[in-house]
Amino acid sequence: MKDIFVLADQEDYFNQFFSYFSTQPFHFSWASRIDETIKLLNIEKPAFIFLATANLEIMMDWVTILKNSEHNIPFICFTMRLTPEDRKMIWEQGALNVIQLPIHKQELEKILNFLVINENLDHTNDNKNEFEGSLEEMNVVDLIQIIQDEKRTCKVMLEKGSRKGEIEFNKGNIVNSRYNNENPVLAVKIMSHWHKGRFHIQNSNKVFIKRIKLSNQKLILECLNHINKQNELMNRLTHRDDLLFTKPGLSFEDIAPFERVNLLKFKNGYSITELVDNYEGDGIVLLQHIVRWLRSNTLLMNDEYEKRLKDVQDLEGMSGFKKMMNKIMGTPDEDSDEPKSNIETLSLEEEALLNINKKNQLFKNKELLGNFLSSLEDSSV
Amino acid sequence: MCEIIEIPVFKSTEEENILLFKGQNFINDRTYDGFRFLEYALNEIQSIYFYLIEPFNEQNNNNIWDRVIPKAPFCIYLYDFDDILIKKFYQDYSHYETPLFLAVKKEDELNEEILSQFEDKIIYFNKNDDNYFKLFFKEILNELTISS
């Protein structure tokens, strides 16, 4: 349990910290005035001080008084409308970090996890050329945020099992990313899903080549949207943790390579969760395929698979005449039946159906659009 | 080498609904059966071809749509407050994967249904802005290159 002292001119800020982090091992105390705080610090001896006010002048007063009090307790400032100069000024006064409000709860949680809980990282050490940590503590989105705040020029190397990727920053701005020959933006989006594995940050003296034009904020938003969309798709697949099988008699030779590689994994039973976890590309594309496979009964639940397997075996056991009669007179081919869906959410099926029937966009030359964008940017400024 | 992008632009019959395009310097402006062709040159090598199409004109059947829409990077619909027309149009257009952007005058207010249907594909333009025409297309291209 860590004691955190909150100096905030409005009780609301304190209440928000309290409610946000009620599940974390923190104990919060609050004061609204700096003189009161200085007195209480001698008694409370907190591990951290959080300073929260919307008024930058008040913040600067507090920081100066706190610094002069020589308590040497690490403090984090929370305020609004910061210019880079303001931020620098507060850092120079010794703040551990300056966080601009409003901030998303999850983002704040991650930053505080990094700053407050992760004691393995020595923040007082000026030699910050390299450090590493676990992606469970900080994911790609948190890393972008922190590197941006610290305006680092660095390379972040990420590892998840055998998968490896890199993200490059110039003065805190993300400029390039590499993972499996994916385009740089998609590479960041894919790696933003990694919650297991390690990261390693290495400062750099050289400036990296800019291949990503998006601002950090837009990219973070893109990553969060990607994560949300994938989670949403995943949550709609009610049998995601069950073993699924490819339908008996499926001809793997007749299907496209991407589908073949992934469907083969289901041949002897496999779960969607496992497939997505181990998939190295864009999870959303994979999930859209899974929806289609479920809809067309290419993937089956165990009981349906057993039933169909038995039917196939029965058919194989029939005499040639029976088979022929069965074909002429008998029941229609099962595959031509209306598909029985394994997905309970109809709207997703409808959505998938609509997407399948859509006329594809043939224009794929994003580079050309980029050229036009550059020309428009040059001529409209 | 020349670089060209071709943009189908859907509009209703009234001429005033092409406000976005009025007053621009088109180096080509010709009218053909069923559509009007405009060429906007960004520089010596880059041009944007616009095909102004009236969606429910008899000469514009779905065969023409099939030929032009899939090959375009995006399409534009010039909003004209005719919500019935836009709904009907959108119903037909939903068969295409090509992104569709709704061009709306900045001061115009859209109803909730249209807002929710088009979400992030509504692009406002302000005739009082210098370079509003370029800014309008810059915003679309930004949107498309971001989502790649």
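This report describes cores, strands and confidence in a predicted model.

Local features are given only where pLDDT is at least 70 and side-chain atom pairs only at pLDDT 80 or more, while totals for chains, interfaces and linings use all residues. Residues are numbered from 1 along each chain as its sequence is written, chains are lettered from A in the order in which they are written, and side-chain values use heavy atoms, without hydrogens and water.

**Cores**

A nonpolar core here is a set of buried Ala, Val, Leu, Ile, Met, Phe, Trp, Tyr and Cys residues joined through side-chain atoms within 4.5 Å; buried means under 20% relative accessible area (1.4 Å probe, protein chains only). The largest such core has 54 residues, and A:Phe17, A:Phe28, A:Phe50, A:Phe78, A:Val116, A:Leu158 and A:Phe199 have the most contacts inside it. This core lies between domain 1 (2–117) and domain 2 (130–229) of chain A, because both give residues to it; the domain bounds come from an automatic or database domain assignment. Another core, of 33 residues, lies apart from it and includes B:Phe26, B:Ile48, B:Ile76 and B:Phe101.

**Strands**

Strands are DSSP runs (E, at least two residues), numbered from the N terminus, and two of them pair if DSSP finds at least two bridges between them. In chain A, five strands form an open antiparallel sheet in the order 6-10-7-8-9. Strand 6 (130–134) and strand 9 (173–178) of chain A are its edges, each pairing on one side only.

In chain B, six of the eight residues of strand 1 are buried. The table lists pairings from both chains.

| Strands | Sense | Bridges | Facing residues |
|---|---|---|---|
| Chain B: strand 1 (residues 3–10) and strand 4 (residues 46–53) | parallel | eight bridges | B:Glu6 and B:Tyr49 |

**Confidence**

pLDDT is the predictor's confidence in each residue, from 0 to 100. For chain A its mean is 80, and 84% of the residues reach 70 or more. Within chain A, strand 8 has the highest confidence, at 93, and helix 14 (residues 346–357) the lowest, at a mean of 56; helices are DSSP runs of H or I with at least four residues. Over residues 119–127 of chain A the pLDDT is below 50, and over residues 331–346 of chain A it stays under 50. Where pLDDT is low, the predicted coordinates should not be read in detail.

Technical notes: Buried means under 20% relative accessible area, exposed over 50%, partly exposed in between (1.4 Å probe, protein chains only). Contact means heavy atoms within 4.5 Å.
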